Amino acid sequence: MPDAQAVATAVVERVWQALRAAPRKPLGLATGRTMEPVYGALRVQLGRLSPHEQQVIRDGWLSFNLDEYVGLAADDPRSFAAFMADQLQRPLGLRPDQVRLPDGLAVDPQAEARRYTASLAAAGGVGLQLLGLGGNGHVGFNEPPCGAQSPCRCLELSAATRAQNAGAFGGAAGAVPARAITLGLAEILAAERILLVVTGAAKAGILRRALLEPPCPEVPASWLQVHPRLEVLVDAAAAAALPPAR
Ligand code: GLP
């Protein structure tokens, strides 16, 4: 696909199918710059529906995000909860409890990880899972090394990831929380369908490793290769290091 906008349109088509499926399973959602055009396109699409169709989408919406920083309140503008409230929950007119994330302020983050994965299981598990790709090959916040069975948990973020995400924290990697709660590869691989969304030249090298090298803990996204319904949506810049046929 030529650019991030074309990728966003293709992602939204698939989200739309998932939202109209019966029975409808929860969506698995991601944060990050890659998702901004996707959620922008989703807002535009919803606005084109009739009021009745919009209500049907709203009434059945339930989504679970991948991850949240430990130590940030949901109303902290740097939290992933705030990102989701700005991007989807408020613009789409959803109730806060329809757009779920781990609680970054939980007193016991490991217990919160167990509670979160239990609430996802109780809701029937994820139907369509959206994923971005970290510069070091992480998905969610599953930092390398990471096995395919890793569960939802609280973990330490790598220096590379804190630097990658420093933009939302005034540019200082040291200001990025040191820990996060993330769904594990176990929950991600349990989704019915996975959409890996990758845009921009900076991701070309790690995308190539994730898709073409044998799955390994050093590139957590490489485990996605074992999923029977993985679809990879990329722009031309991110696809630059892949063989032409892909
Ligand atoms: C972040 C998030 C991931 C996201 C990835 C890529 O750290 N935890 O869920 O997909 O890194 O981010 P971006 O899209 O901003 O490049």
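Predicted model: local features only at pLDDT ≥ 70, side-chain atom pairs only at ≥ 80, totals over all residues.
**Exercise 1.** Describe the largest pocket by its volume and by the residues that line it.

Solution. 
- Step 1. Start with the space: the largest pocket holds about 600 Å³.
- Step 2. Turn to the lining, which is made of 27 residues. Thr31, Gly32, Arg33, Phe80 and Asn165 are the ones closest to the centre of the pocket.
- Step 3. Look for elements that give two or more residues to this lining; they are β3 (67-69) and α4 (80-92). The largest contribution comes from α4, with three residues.
- Step 4. Sort the lining by class: twelve residues are polar, nine are nonpolar and six are charged.

**Exercise 2.** Locate the ligand and describe the shell of residues around it.

Solution. 
- Step 1. The ligand sits in the largest pocket.
- Step 2. Around the ligand there are 13 residues, and those that come nearest are Arg33, Thr34, Asp67, Asn165 and Lys203.
- Step 3. By class, this shell has eight polar, three charged and two nonpolar residues.

**Exercise 3.** Which atoms of Arg33, Asp67 and His138 lie at the stated distances from the ligand, and how much of the ligand does the protein bury?

Solution. 
- Step 1. For Arg33, a backbone N or O atom lies 2.8 Å from a ligand oxygen atom.
- Step 2. For Asp67, a polar side-chain atom lies 2.8 Å from a ligand nitrogen atom.
- Step 3. For His138, a polar side-chain atom lies 3.0 Å from an oxygen atom of the ligand.
- Step 4. The ligand taken alone exposes 390 Å², and the protein buries 96% of that area.

Technical notes. Residues numbered from 1 in each chain as written. Heavy atoms only, no water. 1 Å grid on protein atoms, 1.4 Å probe; cavity = no way out; pocket = protein on both sides within 12 Å on 5 of 7 lines; lining within 4 Å. Points joined across faces, edges and corners; volume = space filled by probe spheres on them. Helix = DSSP H or I, 4+ residues; strand = E, 2+ residues; numbered from the N terminus. Nonpolar A, V, L, I, M, F, W, Y, C, P; charged D, E, K, R; others polar. Near = heavy atom within 4 Å. Polar contact = N/O pair within 3.5 Å; in protein donor to acceptor, adjacent residues only side chain to side chain. Areas by Shrake-Rupley, 256 points an atom, 1.4 Å probe, with all protein chains shown as cover. Sits in = over half its atoms within 2 Å of the grid points.
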